[in-house]
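Visitor: I am new to reading structures. Could you walk me through one, step by step?

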Amino acid sequence: MEDKERQTMREHIVWLGSQLELERKQNIATVTFLKRLLDPEDLGHAVSHEVRMLAYQLLIEHHHIERSTWQNN
């Protein structure tokens with residue numbers, strides 16, 4: 001492998017790592033918001049039961065997706 005190919009691969013790896021970190025931070029923000037919607041002491045008092053149920057379902061789905069990725073690795 002030539003130096004130019006190595007440099008290109010390195011740039012791709014660095015870019016993928018930064019994109020992964022960005023996605024991780026966005027996921028954390030989403031989960032934090034959904035948990036706030038479920039908490040009656042926070043935003044939960046201002047939303048309907050239907051909204052809280054949707055937030056709960058999204059959290060459960062997120063958890064199942066995360067668990068399946070751990071099990072596949």
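Visitor: Let me start with one residue. Is arginine 52 buried, partly exposed or exposed?

Guide: This is a predicted model, so keep that in mind throughout. To judge exposure, look at the relative accessible area. Buried means under 20%, and exposed means over 50%. Arginine 52 has a relative accessible area of 25%, so this residue is partly exposed.

Visitor: Where does arginine 52 sit, and which residues is it in contact with?

Guide: Find the element before you list the partners. Arginine 52 belongs to helix α2. Setting aside neighbours within four places in sequence, arginine 52 is in contact with Leu37, Leu38, Gly44 and Val47. Now try a distance. Glutamate 23 is 29 residues from arginine 52 in sequence, and their C-alpha atoms are 24 Å apart.

Visitor: Let me step back. How many helices and strands does the protein have?

Guide: The count is two helices and zero strands.

Visitor: What does the radius of gyration say about the overall form?

Guide: Compare the value with that of a compact globule. For 73 residues, such a globule would be near 11 Å. This protein has 19 Å. Then check the spans along the principal axes. The C-alpha trace covers about 60 × 25 × 15 Å.

Visitor: What share of the residues counts as buried?

Guide: Of the 73 residues, 8% are buried. The accessible surface is about 6400 Å², and carbon and sulfur atoms hold 58% of that.

Visitor: Which residues form the largest nonpolar core?

Guide: Start with the general idea. In soluble globular proteins, nonpolar side chains tend to be buried together. Now the case here. The largest nonpolar core consists of Val31, Leu34, Leu37, Ala55 and Leu59. Helix α1 gives the most, with three residues.

Visitor: Which residues does valine 31 touch?

Guide: Skip residues up to four places away in sequence. Then valine 31 touches Leu59 and His62.

Visitor: Why does alanine 55 count as buried?

Guide: Use the cut-off again. Alanine 55 counts as buried because its relative accessible area is 2%, and buried means under 20%. Alanine 55 is found in helix α2. With residues up to four places away left out, alanine 55 touches Leu34, Leu37 and Leu38.

Visitor: How far is alanine 55 from phenylalanine 33?

Guide: Read two distances, one along the chain and one in space. The two residues are 22 residues apart in sequence. From C-alpha to C-alpha they are 9.0 Å apart.

Visitor: What about histidine 49: buried, partly exposed or exposed?

Guide: Histidine 49 is partly exposed, at a relative accessible area of 47%. Histidine 49 is in helix α2. Leucine 16 is 33 residues away along the chain, with 39 Å between the two C-alpha atoms.

Visitor: Where does leucine 43 lie?

Guide: Leucine 43 is in the loop between α1 and α2. Its relative accessibility is 26%, so leucine 43 counts as partly exposed. Leucine 43 touches Phe33, Arg36 and Leu37, not counting residues up to four places away in sequence. Threonine 69 is 26 residues from leucine 43 in sequence and 30 Å away in space, C-alpha to C-alpha.

Visitor: One last feature. How far apart are the mean positions of the positive and negative charges?

Guide: Take the mean position of each set, then the distance between the two. Here there are 9 positive and 12 negative charges, and their mean positions are 3 Å apart.

Key. Residues numbered from 1 in each chain as written. Predicted model: local features only at pLDDT ≥ 70, side-chain atom pairs only at ≥ 80, totals over all residues. Heavy atoms only, no water. Helix = DSSP H or I, 4+ residues; strand = E, 2+ residues; numbered from the N terminus. Rg over C-alpha atoms; globule rule 2.2 N^0.38 Å. Buried < 20%, exposed > 50% of the residue type's maximum accessible area, 1.4 Å probe, protein only. Areas by Shrake-Rupley, 256 points an atom, 1.4 Å probe, with all protein chains shown as cover. Lys, Arg positive; Asp, Glu negative; His and termini not counted. Charge placed at Lys NZ, Arg CZ, Asp CG, Glu CD. Core = buried A, V, L, I, M, F, W, Y, C linked by side-chain atoms within 4.5 Å. Contact = heavy atoms within 4.5 Å.
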